[in-house]
Amino acid sequence: MAKGATASRTRSTRSRAAASSEPEMVQLLTPDGKRIDSARDSYGTEYTVDFTDDEYRGLYRDMVVVRRLDAEAEALQRQGELGIWASLKGQEAAQVGSGRALRPQDMAFPTYREHGVLYCRGIDPIMPLGLFRGVDQGGWDPNEFKFQMYTIVIGAQTLHATGYAMGINKDGKVGGDDGEAVIAYFGDGATSQGDVNESFVWSSVYNAPIVFFCQNNQYAISEPIERQTRVPLYQRANGFGFRGIRVDGNDVLASYAVTRAALDQARSGEGPTLIEAYTYRMGAHTTSDDPTRYRLANELEEWQAKDPITRLGTYLREQKLVDEDFFTTVDEEAKAAAQHLRERVLTLPDPDPVSMFDHVYPHGSPEVDAQREKFTAYAASFEGSAH
Amino acid sequence: MATENLTLGKALTMGLRKAMEDDPKVLIMGEDVGKLGGVFRITDGLQKDFGEERVIDTPLAESGIVGTAIGLAIRGYRPVCEIQFDGFVYPAYDQIVAQVAKMHYRSQGKVRLPIVIRIPYGGGIGAVEHHSESPEPYFIHTAGLKVVTCASPLDAYWMTQQAIASDDPIIFLEPKRRYWEKGDVDTSAPASSAYPLHASRVARPGTDATLVAYGPMVKVALDAATAAEEDGRDLEVIDLRTLSPLDLTPVYESVRRTGRCVVVHEAPQTLGTGAEIASRVTEECFYSLESPVLRVTGFDIPYPAARVEEEYLPDLDRVLDAVDRSFGW
């Protein structure tokens, strides 16, 4: 996807006067679907995208499929087929934009909500559902897909990402287009965690090739962003000694352009960037949450007017990049993907209970082995009984 | 033969050096481990010889040390983290217990984290608070971690190398009050000659009662056994060496012969290592026991001020008192 596209970047000197008049947020596609040719961040870096028609259509398709799969997972939870689900609804542009900006050699460290990035990395969307159904802890190979395991302890993965990026430096894999970079995902709530702040310090002092991608979806479960910060989050980067950029997280084009540029800077040895993707969690924190207790309906309506999928659809339609059949076809594709997902979730087998003793240690443990043996014998004692 | 009389601290240094020579992926990371050589000088000279890329002075943040070690391990490195003192490991607790310990399990074996976390532990050096603790039960209790501790220069030299070579995440506890005690180490012996990492060992054979100790308490137990000879009692001393997994087969074998067992450790008593050992020995050796398994431990209080630590720490007299109680049952 988007191999032919580039996020071009040109430096320009800027005056203080110019800085104050620049928009705070990088945006390339307005909420009503109008394309902005290029946009600058507060450092004067200019962003644009040069996608082919197919690539524009691909981004739209990605977002529709990801949202449809997400809705299916939520429905499966409501029907008792998943224990819980953390919906990404509203954050499709931030995830697909950043996910497609990754080059094949880049490594991603996700939270538990990065279903859209996971999709972009080519992982079967059934994989995280095993975790949420309770049959495993997530079954993909993190190194094969360059997408690490979901991390539920808030912010812990940012340190793992930083260490991995330090390893890239040690391996001499920075410099040039074939350099490697890391992206660490986290949310607005995580920025209050010590681990995230430590990862900022470490990345800065070791000049690690890493992009911190913070999806500010405005809420940490019920707590609004005002409970985490008194300054815009992207500005925190300045205090740690690296770039901080706010991008319209509901704009897939800008999310792509800013992430691609930051990753390329990282891989060429220019160190970390914090990207704050300004977005909104349209649904609940998880299916266990009730957002009507802490936010007003009109707020959701305001953000619905900035919907990431609608705006790209408007653009495609107005630019005549597609006909109406395209939308019907994409919807049908998404529906079929969701149906396929549903069928497979329902047939996910429960694990053999004795398998819970597996993989505790790479070299095993006589204590675990002894407990496995006792459990196996105990379980066998019920075989053939009426129970 | 290149047998040298080394301090335990120096043996650790030589073990680390050998591991770094053997495998270029081995890294050392921690606070002040570079030019200073660590506050106890265990990494002395290593940065000079292996460079700043392999012996990494880190920012002052323990969670960061362990958290970034995880990323480096995913990348293919074998990080050896130094936590400066036992009481400073708690900021890294989530990264150790929720991340390091569980990654292999969660990934169904796809992610290995060959990380060694070195922690100088225990009291007896007259330190201020947070510098004398015995946090081993927290880590023994955590599935996915292995926990070992050395009591002699010989074990310090080999167990360091064995822990680094292992793919299991290992908490490596160093008895800091024994850093300066000496013993013979044959550094030219082949690795295959070393005693296995996860095995306990009879440190002194005996017939009348079994003393079980580890780390800094092995010397206390041995001294108690020597003193007990005057009373005509022949005590067997077992050095556990591995705390997770526990290797209690030699303990069972011993208790079946002696009928009496006393466990000694510095950590507080309740839910400590001694509780687990007492439970298992009772289950395995019930009909051989002449008296209950007794414990000589630190008390269930925060580690006290240094001027009273000698009263807090198990010593020769308290061990012998427990032996007396065992015989008087």
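Reader: Which residue in β13(B) stands opposite B:Val212?

Author: Strands here are DSSP runs of E with at least two residues, helices are runs of H or I with at least four residues, and both are numbered from the N terminus; two strands pair if DSSP finds at least two bridges between them. In this predicted model, B:Val212 stands opposite B:Val263 in β13(B). Strand β10 (residues 209–213) of chain B and strand β13 (residues 261–268) of chain B run parallel and are joined by 3 bridges.

Reader: Before going on, what should I know about the model and its numbering?

Author: This is a predicted model in which local features need pLDDT of at least 70 and side-chain atom pairs count only at pLDDT 80 or more, while totals for chains, interfaces and linings use all residues. Residues are numbered from 1 along each chain as its sequence is written, and chains are lettered from A and ligands numbered from 1 in the order in which they are written.

Reader: What is the order of the strands in the open sheet of chain B, and which are its edge strands?

Author: The open sheet has 5 strands with mixed pairing, in the order β9-β11-β10-β13-β14 of chain B. Its edge strands, β9 (201–204) and β14 (294–298) of chain B, each pair on one side only. Neighbouring strands are turned by 25° against each other on average, direction ignored; axes are lines fitted to C-alpha atoms, for helices over the stretch in contact, and angles run from 0 to 180 degrees between N-to-C directions.

Reader: Which helix packs on the sheet?

Author: Contact means that the C-beta atoms of two residues, placed from the backbone, lie within 7 Å. Helix α10 (residues 273–284) of chain B packs on the sheet and touches β10, β13 and β14 of chain B, its direction making about 155° with that of β13(B).

Reader: How many residues of chain B are in contact with chain A, and which element gives the most?

Author: On the side of chain B, 34 residues are in contact with 32 residues of chain A. The elements of chain B that give two or more residues to this side are α3 (62–74), α4 (93–100) and α5 (103–106), and α3(B) gives the most, with 9 residues. Counting Ala, Val, Leu, Ile, Met, Phe, Trp, Tyr, Cys and Pro as nonpolar, Asp, Glu, Lys and Arg as charged, and the others, Gly among them, as polar, this side of chain B has 12 nonpolar, 13 polar and 9 charged residues.
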